[in-house]
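Let's take a friendly walk through a protein model, going from single residues to the whole chain. Have the sequence and the 3D view ready.

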Amino acid sequence: MAFQFNFSIEEKAGNELETLGDTALQLESAQASLNPGGSTEKSKEISSEENVVHKESLCAHEATPKTSDPVANCSPVQVLPKKRASFKVAKEHNIPEDFSKVLENKVMEAVQGLYYVNISVVEMTLSNDSHEEDIVSKSISSHSDLITGIYEGGLKIWECTFDLMDYLSEAEMQFINKTVLDLGCGAGLLGILALKRKAKKVHFQDYNHTVIDEITLPNVVANCTDGGGDGGISEPPSKKHKKADFIPALMSKCRFFSGEWAEFSQLLLSGNKPFSKYDLILTSETIYNPDYYSALHDTISKLLDKNGRVYLASKAHYFGVGGGVHIFEKFIEERNVFRTRTVKVIDEGLTRYIIEMAFKISS
C-alpha cells in the first residue's frame with residue numbers, strides 16, 4: 001500500500017529525511033526526532049484507516065445490491081489513507097450514431113421494468129482488455145470498491161438506488177417536461193426511469209468515464225428500444241438489434257458526462273451548448289464520504305433551478321468512511337442554502353433514508 005505524506009518540515013529537516021527509507025515507520029521516527037513532543041495525529045490517522053471494511057457497512061447484508069449479479073454483492077473494501085484526490089477533468093461523451101454497437105458483447109438483464117447490463121460480464125471484459133482508467137484491476141488489487149481519486153464505486157448497483165426508484169414510483173413523481181440530472185449515476189437507472197416517464201431532458205454524470213462508456217450508455221440504449229422498459233417487459237434486447245429498433249427521439253434527450261463534480265458543473269455552465277438548470281436532481285449513495293460534501297453542495301447549488309428539487313437516497317451511516325444522512329444534514333444546515341426533509345425511511349438492516357432538498361428561497 002502506497003502512502004502519501006504532506007508533513008510540513010523545515011528545509012534542514014527535509015534534507016535529513018531524504019537519507020531515510022520510505023516506510024511510514026521511518027518517517028514517523030524521523031519527524032518525532034526533529035519535532036520532540038509533536039503531534040502523533042498522522043500516525044493515528046493512518047493506523048485507523050488501514051482497516052478493511054465494506055463500502056456500505058461492516059455487515060454484508062446491510063450493503064447487498066438488489067441484483068442477481070453475484071459480483072455486485074458487497075465485497076470487502078480497503079479504505080486507503082486520506083490523500084489529495086487526483087485531478088479528474090470533466091468531459092462529455094458522444095453518443096454513437098450506430099446505437100447497436102453500444103450493446104456489442106453485452107449481456108442484458110432486467111430489474112423493475114428496466115434493462116441493465118450484467119456487470120460481472122462487463123468487469124470480466126474490462127479486466128481482460130487494456131483500458132485507460134483500468135479501474136477493475138485496480139479495484140481487485142486494492143480489494144476495494146472505493147479508491148479515492150481513481151474509482152468511486154460506479155460499477156456496482158447499490159441498494160439505495162432501488163429505494164429511490166421505489167419512492168419515485170410510490171410518490172407518482174411527475175417527470176413530464178422536466179429536466180433531470182442523474183448525479184453519480186453509475187448504472188443510470190434513476191435517469192432511465194425519468195426518461196421512460198417522459199422527462200424533457202436527462203443528463204447522466206459519473207466520476208469514471210469507463211462507467212459511462214461501459215455501463216451507463218449501454219443501459220440507456222437498451223431502454224430506448226421499441227417495447228423496452230416502463231412497466232411490463234419481455235426479453236432483454238439482443239446485441240444484434242438493428243438500428244431501426246431504437247428510438248432516436250429518446251436518445252436525443254440525453255447527455256452523458258464524466259469527471260469531478262466541480263469540473264462537471266464548470267463544463268456545463270461555460271460550454272457552448274445551451275444549458276437549462278435542472279428541475280430534478282436524483283442521486284443515490286453519494287454522501288458516503290464527508291470529504292466530498294463541499295463539492296456536492298456547490299455542484300447542486302450551481303445546477304439546480306431555483307424551484308428545483310433534489311432527491312437523495314442514503315444509508316444512515318457508512319462505516320469506515322464516515323458519511324451518512326445525519327452528518328450530511330448537519331453540513332447542509334450549517335451552509336444555510338438548502339432546506340431538507342425526510343420523505344421516506346426504510347428500516348431494514350441498516351436504516352436508509354430518502355431526503356428531499358430545495359433552496360430555502362424556493363416557492
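Glutamate 123 sits in helix α4, which covers residues 119-128. Keep in mind that this is a predicted model. Is glutamate 123 buried or exposed? Its relative accessible area is 12%, so glutamate 123 counts as buried, because buried means under 20%. The side chain of glutamate 123 also has a partner: it makes a polar contact with the side chain of lysine 156.

Now move to lysine 360, which lies in the segment after β12 (352-359). With a relative accessibility of 45%, lysine 360 is classed as partly exposed. Which residues does lysine 360 touch, leaving aside those up to four places away in sequence? They are Asn336, Val337, Phe338 and Arg339. Asparagine 336 is 24 residues from lysine 360 along the chain, and their C-alpha atoms are 7.9 Å apart. The side chains of lysine 360 and asparagine 336 make a polar contact.

| Side chain | Partner side chain | Distance |
|---|---|---|
| Glutamate 123 | Lysine 156 | 3.4 Å |
| Lysine 360 | Asparagine 336 | 2.4 Å |

Finally, zoom out to the whole chain. The protein chain has 12 helices and 12 strands. Of its 363 residues, 49% are buried. Look next at contacts between residues at least 6 apart in sequence: 72% of them join residues at least 24 apart. The chain exposes about 17200 Å², and carbon and sulfur atoms supply 49% of that area.

Terms used:
Residues numbered from 1 in each chain as written. Predicted model: local features only at pLDDT ≥ 70, side-chain atom pairs only at ≥ 80, totals over all residues. Heavy atoms only, no water. Helix = DSSP H or I, 4+ residues; strand = E, 2+ residues; numbered from the N terminus. Buried < 20%, exposed > 50% of the residue type's maximum accessible area, 1.4 Å probe, protein only. Contact = heavy atoms within 4.5 Å. Areas by Shrake-Rupley, 256 points an atom, 1.4 Å probe, with all protein chains shown as cover. Polar contact = N/O pair within 3.5 Å; in protein donor to acceptor, adjacent residues only side chain to side chain.
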